[in-house]
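Me: I am new to this structure and would like a careful, close look at a single part of it. Please describe that part and then what lies beyond it.

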Amino acid sequence: MSLQFELFSDYSCELGEGPFWDSKKSRLHWVDIIGKKIISQNLDGSNIHALEVDGNPGCVVFSDDGTMVAGVDNQISSFDGDGNLLKVLADTNEGSGLRFNDGKCDPSGRFWVGSMDRKEKNKLGSLYSWNSIEGLVNREQGMTVSNGMGWSPDNSLFYYIDSPTREVSVYDFDLSTASINNKRRFISFTVDDGFPDGMTIDSEGRLWIAFWGGSKIMCVNPDSKAIEEVVSFPVSKITSCAFGGEKMDQLFITSAKVQVDEEDEPMAGMTFIVSPGVKGQPSFNLKLI
């Protein structure tokens, strides 16, 4: 039997992205990049908030002390509970033609975030990591639309997506230094699949990948590279996913309605939930020292 989705939130985003599960508060946070909002909702569907920020938020994370930190335009910034800017922590100085896109924290608490060409045509983007000790470090260059990322359960591998390539790349990873080396292709996808977008990794090391233009999430075995699950949705632009819930066994999926006929896709831009029968890795918190 194929996995079935349920609706988690009917809050409709122009470009929903970057789900982050706050295990302390049992609350999901995500962003509407075009709508310039950071959204949050309790697991039971209550207490939804949409905080407006000044710029395009590509991703949001939380620190151990509950501080909200987001990649907005070219800056990594902290915000209060009302969405007001507290402090600019880092700035790429890349210019208005680029912006931050997907990002998340590694198990040591570094914030990884990639930039992209706003026109989605040129290889101008970079992949950065940041913490308060190391500062902003450019880890890789030459990306067009920097997107999904994740780490193997033993932290020896780093998976990464530059969407226009229709590939997932994999690097050898050193958690102590955050170095990424020996880049190689992990898996490629077809035009019919759509573009790989955001992703997350479960406790067994399998990759759960969202497909922009593909109406689906795919689950890929890390060893055989076999497609073990496909979850289909009634919207074409599936953007990202993250595990959460009380037992970390629920998968939250964001979507977009930008350039979509909403009569054909009335659920476009909403956020979904699936019970995939496996636990996932947590949304790691940022360590602000």
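Reply: The lining of the largest cavity comprises 15 nonpolar, seven polar and two charged residues, where Ala, Val, Leu, Ile, Met, Phe, Trp, Tyr, Cys and Pro count as nonpolar, Asp, Glu, Lys and Arg as charged, and the others, Gly among them, as polar. The model is predicted, with local features needing pLDDT of at least 70 and side-chain atom pairs pLDDT 80 or more, while totals for chains, interfaces and linings use all residues. Residues are numbered from 1 along each chain, and side-chain values use heavy atoms, without hydrogens or water.

A cavity is a set of points on a 1 Å grid over the protein atoms alone where a 1.4 Å probe fits but cannot get out, and lining residues have an atom within 4 Å of a point. One cavity of 30 Å³ or more is counted, and the largest has a volume of about 270 Å³, taken as the space filled by probe spheres set on the points. Of its 24 lining residues, Lys104, Thr200, Ala242, Pro282 and Ser283 lie nearest the centre. Strands (DSSP runs of E, at least two residues, numbered from the N terminus) contribute too: among those supplying at least two lining residues each are strand 2 (16-22), strand 10 (98-105) and strand 22 (238-244).

Strand 12 forms a hairpin with strand 13, with three residues between them.

Definitions and conventions
1 Å grid on protein atoms, 1.4 Å probe; cavity = no way out; pocket = protein on both sides within 12 Å on 5 of 7 lines; lining within 4 Å. Helix = DSSP H or I, 4+ residues; strand = E, 2+ residues; numbered from the N terminus. Pairing = 2+ DSSP bridges.
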